[in-house]
Amino acid sequence: MTRARLYLDEDVYGGVAQGLRRRGFDVLTTAEADHGAASDEEQLRFAVAEGRTLMTFNRGDFARLHAEYLAAGRQHPGIVVSEQAGIGPVVRALARLLSTTDLAQLANRLSWLSAHAERKP
């Protein structure tokens, strides 16, 4: 299984990257890539160029970009969207997704991550 490498857009908390790295995942943040002022389309182009699955809380814009990519016959290494939740639930949900889904399964897909389901009663 080839694990996806993640690119977290600027809306995703830096603590998510730290938590995933502690679990052995390859993660790059927008800040680390010095792309903080880049548009959503530029963020996705960068993720594609780097072969990284993009993770964002920005469902609307990236759902549109995903549809535009597919309509134009372009490919991407996957887009994962989530509602905003705490760092812990997002890290656990992403770690579970990345541990059970390989890069080929994420490619050219818009995947919904339900981090709120990770909350404990």
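Student: What makes the radius of gyration of the protein chain agree with a compact globule?

Tutor: This is a predicted model, by the way. With 121 residues, a compact globule would come out near 14 Å, and the protein chain has 13 Å, so the value agrees with that expectation. Along its principal axes, the C-alpha trace spans about 45 × 30 × 25 Å.

Student: Why is Ser 111 called buried?

Tutor: The cut-off for buried is under 20% relative accessible area. Ser 111 has 12%, so Ser 111 counts as buried. You'll find Ser 111 in strand β5, residues 110-113.

Student: What is Ser 111 in contact with, leaving aside its neighbours within four places in sequence?

Tutor: Ile 79, Val 80, Val 81 and Leu 106. Contact here means heavy atoms within 4.5 Å.

Student: And how much of the protein chain counts as buried?

Tutor: 47% of the 121 residues do. As for the surface, the chain exposes about 6,000 Å², and carbon and sulfur atoms supply 48% of that.

Student: What makes a set of residues a nonpolar core?

Tutor: They have to be buried residues of kinds such as Leu, Val or Met, joined through side-chain atoms within 4.5 Å. The largest such core here has 23 residues, and Leu 6, Leu 8, Val 16, Leu 20, Met 55, Val 90 and Leu 94 touch the most other members. The elements giving two or more residues to this core are β1 (6-8), α1 (14-22) and α4 (87-100). Of these, α4 gives the most, with seven residues.

Student: Which residues does Leu 8 touch, not counting residues up to four places away in sequence?

Tutor: Leu 8 touches Val 16, Ala 17, Val 27, Leu 28, Thr 29, Thr 30 and Met 55. There's also a second, separate core of twelve residues, including Leu 44, Phe 46, Ala 47 and Leu 65.

Student: How many contacts join residues at least 24 apart, among those between residues at least 6 apart in sequence?

Tutor: 70% of them in the protein chain.

Student: What about charges: how many positive and negative side chains are there?

Tutor: There are 15 positive and 15 negative ones. Lys and Arg count as positive, while Asp and Glu count as negative. The centres of the two sets lie 9 Å apart.

Technical notes:
Residues are numbered from 1 along each chain as its sequence is written. This is a predicted model: local features need pLDDT of at least 70, side-chain atom pairs count only at pLDDT 80 or more; totals for chains, interfaces and linings use all residues. Side-chain values use heavy atoms; hydrogens and water are left out. The radius of gyration is taken over C-alpha atoms; the globule rule is 2.2 Å times the number of residues to the power 0.38. Buried means under 20% relative accessible area, exposed over 50%, partly exposed in between (1.4 Å probe, protein chains only). Accessible areas come from the Shrake-Rupley method with a 1.4 Å probe; for residues, only the protein chains shown count as cover. The place of a charge is taken as NZ of Lys, CZ of Arg, CG of Asp or CD of Glu. Helices (H or I, at least four residues) and strands (E, at least two) are DSSP runs, numbered from the N terminus.
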